[in-house]
Amino acid sequence: MKMKHREYLNKLVQLFVVFLKLGPSTFGGGYAMITAIEREVVEKKSWLKQDEVGDMVSVAGSAPGGVAVNSAAYIGYRLAGTAGAVIAVTGITLPTLLIVLILSVFGTMYKDVPKVAAALKGVHAAVVALIILAAYRVGRSSIFDSATLVITGLTVLVLFFTSLNSVYLILGGPAAGVAVIIIKHALGISAVTEKDVKDNQLEINYPEYYI
Amino acid sequence: MLWQLFVVFLKIGSISFGGGYAIIALIQREVTDNGWIQPQKFQELVALAGMSPGSIATNTATLIGYSQLGLAGAAAATAGIILPSLIIVILCASFFLKMQGNRWVRASFYGLRPVITGFIIYAAVHFGAGGSGKPLLTWPNLGMLIICVLCLTAVLKYKLHPFAAILLSAVCGIVIF
């Protein structure tokens, strides 16, 4: 019994260390991380079987939040229950938290130095580019019929021209999706809820899909 | 105030489907409407967040928390935005996984995904247009546009890593501005 307890603690410590190490490498975030996590968790530690990685990705991708943090939660939970999930998430978040804070301290300190301000402006432009890219990629897999196009259009209009709370939009999306499927079903039109499976797999190859 | 920070980001965290970029718009609405942060300052924070490893949304939360209440604020905001994901992933991992093939779950995601796309488009325009009210065609704006287009082609055509693109843009920024 005592041995088991020690084994458990040992596992928690290992989880923490592994995800602490993975944390700083999450530049670019999202699916780029999955490969790094896979290498560490499946190949090196054999904590997870290869075929469970697919489950992990689908859970991590469909739950709210970043894919990397969600994957950490998933693995932690699988290995050591709720405590494991908490430990893994803390491990992966802590380094970024510190890096962000350090950057911000330097950022504010040298904000008025012209060169730093110029560099930040450049980064600003790059972030805009990355957001456009994300929109393009997410759009390509989510907009594939007239209904999805209308939903996207409506969302953008509502965001720009009303101050409606975003929660309603997030809840309205699934409601609209279910409604469209019911109507299509009633009219006897075949309803496809996902773009080709081939395309779904493509997403995983696009590291910047989620960040 | 600390509690408020936590609650606001808890709320954002629980609807943050689609990860980082979709959430920037959400965060911006929430914190600028609350009057916590000026739009100009918000853009600086997001640029900093984009330079750091990890999710841009979580990093933005950390920075906003820090700018409001120092370290405690940073911790509260980060915990707030991460906690919902943690709980939901645990729930998914324990029993939701079986429901994945369910028709209605699929139908819900069918409707949710285009909404997320809309959020990201909004974020791109909003973040790109920045401080509204000023004339659009100015030298700095033109410079930004050039860098932005360069980034897009570099990442799309030459498969440049996003982080490398960010670093290069910083250099371009120094050269242009």
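## Basis of the model

The model is predicted: local features need pLDDT of at least 70, side-chain atom pairs count only at pLDDT 80 or more, and totals for chains, interfaces and linings use all residues. Residues are numbered from 1 along each chain as its sequence is written, and side-chain values use heavy atoms, without hydrogens and water.

## Interface of chains A and B

In chain A, 93 residues are in contact (heavy atoms within 4.5 Å) with 86 residues of chain B. The two chains bury about 8200 Å² between them, 79% of it on carbon and sulfur atoms; this area is the accessible area (1.4 Å probe) lost on putting the two parts together, summed over both.

The elements giving two or more residues to the side of chain A that touches chain B include helix H4 (67–109) and helix H5 (114–142) of chain A. H5(A) supplies the largest share, 24 residues.

## Chain A

Chain A has eight helices and zero strands, assigned as DSSP runs (helices H or I, at least four residues; strands E, at least two). Of its 211 residues, 48% count as buried, that is, under 20% relative accessible area (1.4 Å probe, protein chains only).

Conventions: Chains lettered and ligands numbered in written order. Buried < 20%, exposed > 50% of the residue type's maximum accessible area, 1.4 Å probe, protein only.
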